[in-house]
Amino acid sequence: MIEEIFRREAGRVLATLIRLLGDFDLAEEARQEAFAAAIEQWPAHGVPANPRAWLIKTGRNKAVDRIRRDILFRTKIADREYASAAADEVGTPDEADDTFGDDRLRLIFTCCHPALNAEAQIALTLREVCGLSTQAVARAFIVSEETMAQRLVRAKKKIRDAAIPYETPDSSVLDQRIEGVLAVVYGVFTEGYAATVGSDLIDVELCGEAIRLGRLLDALLPHNAAVMGLLALMLLHDARRLSRVSDAGDVVLLDDQDRSRWDQSEIAQGLALVDKSLRVPGQVSPYTVQAAIAALHARAGENEPTDWPQIVGLYEVLLRLQPTPVIELNHAVAVSMVDGAARALDLVDSLAARGKVTEYHLLHAARGRFLHQLGRPVEAREAYRNALNTATLEPERRLLAARLAALKSQ
Amino acid sequence: MNYLLLIYTNEAEFAGLGQSELKKLTDEYMEFTKSIVQAGHFKAGDRLKPVTAASTVRVRNGKAITTDGPFAETREQLGGYYLIEAKNLDEATAIAARIPGARFGSIEVRPVWPPMT
C-alpha cells in the first residue's frame, strides 16, 4: 500500500520540491529522504491523511536541515551567509493549496524551456518528468550513460546560471511555449516509433512515456486543441504498433497490417480526441489534422474502404500549415489513390526538383512505387535502387530489397 | 539578477536607412530606454560607434599588440548594449524582445556573475 502511494505521488512530490528548493538534485535527494522516513514511520504511526503533503513537508524540512548543516562545515563567512540565506529562501508548502497539479506543469515548462537546446529538453523531460533513470534515457537515445549524464548536468547548469524560472509561462507567451512542449513530446514519440523498426532492441517504451506525458498535459491544460490533437495522433499511431512489425522484425505496411492486432481502445480514445479538438474554436493545429488523417485510416476496415479523397483534402490543409517534404510525399501517395500514379509521380518529381530531399529514401521508394504502377519497371528498379542506397534502418532495407527482387523477376 | 543584453545588427543594412527611418529608430530606442528606466530594470546602456572605429588589443609574450577592427569579422556586429536587472531569464528575454534592434538583428542575453564580495 505504501509502495502504491509512492508510485502515485513520486512525480508530484518531486515537482513541488523542485519549486520549493529551486534545485533538481536537491529535490531528488529530499524526496528520497522523505520516502525513507515514511517507510520508517508510517507502519508504526499509520499512513497520514494527506500522504502527498506529508512527503513534501518532510522532504522540504530535511533539505533545509541539510542546507543549514552545510553551514557548520563552511569556514568562510560569505559562504555561511549564502547558505543561511538559501535555507531561508526555501518555500513553505501550503497544505490547503492544491497547486500541486500546477507544479507538474511548471516542471514540464521548465524542462522544455526554449533557452535549452532540443536534446537537453528531451533528456531533462524524460529524466525529471517521466522519472526515467539516466541509464534508461541514454539507452533510448543510443548514447553512453556518461554522455547522457553530461547532457543533463549541462542543462541543469544552464537553468541555474541563466536563472531559467520554475514558472508556468505568462499568458502572452503560453501558446508558443505549449508548442515547444508538444514538440518535445512528439520528439519522444517519434524516437520510440522509429525504434520499433530499428535493428537495436530498445527496452525503454518511449511511445508509452510520450502518451503518458500527453495525457498529463491534457489533464493540466484542458480544452487545448493542440494538446488533444497530439494525444490523438499518438494514440492512433500507437494503436497499430503491434501490427507494424512482423514476428521476423520486418516492416508491415498499412495495407497489409493485421487489423485484429490494432488496439481498439486506443483508437476509440484517439477518435474522440480528434472530435473534441476540432470543436475547439480557432485555428486548427497541424497535430489535429495529422490525427484526423490517422483517424480515417483507423476507421477503414474490410467493409469500409479508406476515404482517400478526404485524406487528400486533409493533406492539403496540412501542407498550408506545415509545408514539409514528408507531408508532400504523403500527400502524393494519397493523390495516387484518387487521381492515379501519373499525377502523383508529377508531384514527387516536382518535390525532388526542388533539390532538398535527394537523400531521402522514402522519396525514391515512392517514385519506385508509382513507376511500377505505371508499368515502367526499368525506371522503377532504378528508383528502388536509389531508395536502397539511402535507407539506413535494416527492416526498411529488407523491404526495399524485396520490392526490387520482385520487380527483377518480372 | 543582472543580464547584459548585447545588440547585434548588420551594419551594412543600417547604412541603407534614410533620414526619416533613422529618426524613427532613434525615437523607438529612446522610448524603450525610458520605459525600462521607469520600470527599474535599467542599469546602463550605450550605443557603440561602428566597427570601423574599433581596435583590438592582445597581449602575447609580454607584448601589447593593437590591430584595426573588431575581434572577429562577423555577419552581425555589436552595435550597443543594455545592462539590466531582471528577476529571471524570462523577464530578461521579454525586455530584450522589446529592443528595436531585435526586429532585424539578434540580442544576446548573458547573465552576469554577481559581484565578488
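**Close-up views of a predicted two-chain model**

**View 1. Ile108(A) and its contacts.** Beyond the residues within four places in sequence, Ile108(A) is in contact with Thr125(A), Val129(A) and Val181(A). The model shown is predicted. Ile108(A) sits in helix H5 of chain A, which spans residues 100-111. Ile108(A) counts as buried because 26 C-beta neighbours fall inside 10 Å, and the cut-off is 20 or more. One of its contacts, Val181(A), is 73 residues away in sequence. In space, the two C-alpha atoms of Ile108(A) and Val181(A) are 7.4 Å apart.

**View 2. Ala380(A) in helix H19.** Helix H19 of chain A covers residues 377-390 and holds Ala380(A). Is Ala380(A) buried or exposed? Ala380(A) counts as buried, because it has 22 C-beta neighbours inside 10 Å. Residues up to four places away in sequence aside, Ala380(A) touches Gly368(A), Leu371(A), His372(A) and Leu407(A). Val245(A) is 135 residues from Ala380(A) in sequence. The C-alpha atoms of Ala380(A) and Val245(A) are 25 Å apart.

**View 3. Helix H13 of chain A, along its length.** H13(A) runs over residues 264-279, 16 residues in all. From first C-alpha to last, H13(A) reaches 23 Å. That is close to the 22 Å expected at 1.5 Å a residue.

View 4. Which residues of H13(A) are buried? They are Glu266(A), Ile267(A), Gly270(A), Leu273(A), Val274(A) and Ser277(A). Against what do the buried residues of H13(A) pack? Their partners are helix H11 (225-238) and helix H14 (286-299) of chain A. The face turned away from the buried side carries the exposed residues Gln264(A), Ser265(A) and Arg279(A).

**View 5. The contact between chains A and B.** Seven residues of chain A and six residues of chain B take part. On the side of chain A that touches chain B, six residues are nonpolar, none is polar and one is charged. The model scores ipTM 0.87 and pTM 0.84.

View 6. Chain A has 20 helices and zero strands. It has 410 residues, of which 37% count as buried. Among contacts in chain A with a separation of 6 or more, 60% join residues 24 or more positions apart.

View 7. Chain B has three helices and six strands. Its elements run β-α-α-β-β-β-β-α-β from the N terminus on. The C-alpha atoms of chain B fill a box of roughly 50 × 45 × 20 Å along the principal axes. Of its 117 residues, 16% count as buried. Contacts between residues at least 24 apart make up 75% of those in chain B with a sequence separation of at least 6. Where is confidence in chain B lowest, and where highest? Helix H1 (residues 11-15) of chain B is lowest, at a mean of 86. Strand E6 (residues 106-111) of chain B is highest, at 98. The average pLDDT of chain B is 94, and 99% of the residues score at least 70. Where pLDDT is low, predicted coordinates should not be read in detail.

Note on methods. Residues are numbered from 1 along each chain as its sequence is written. Chains are lettered from A and ligands numbered from 1 in the order in which they are written. This is a predicted model: local features need pLDDT of at least 70, side-chain atom pairs count only at pLDDT 80 or more; totals for chains, interfaces and linings use all residues. Helices (H or I, at least four residues) and strands (E, at least two) are DSSP runs, numbered from the N terminus. A residue is buried if 20 or more other C-beta atoms lie within 10 Å of its own, exposed if 12 or fewer, and partly exposed in between; C-beta atoms are placed from the backbone. Two residues are in contact if their C-beta atoms, placed from the backbone, lie within 7 Å. pLDDT is the predictor's confidence in each residue, from 0 to 100. Ala, Val, Leu, Ile, Met, Phe, Trp, Tyr, Cys and Pro count as nonpolar, Asp, Glu, Lys and Arg as charged, and the others, Gly among them, as polar. The expected span of a helix is 1.5 Å times one less than its number of residues.
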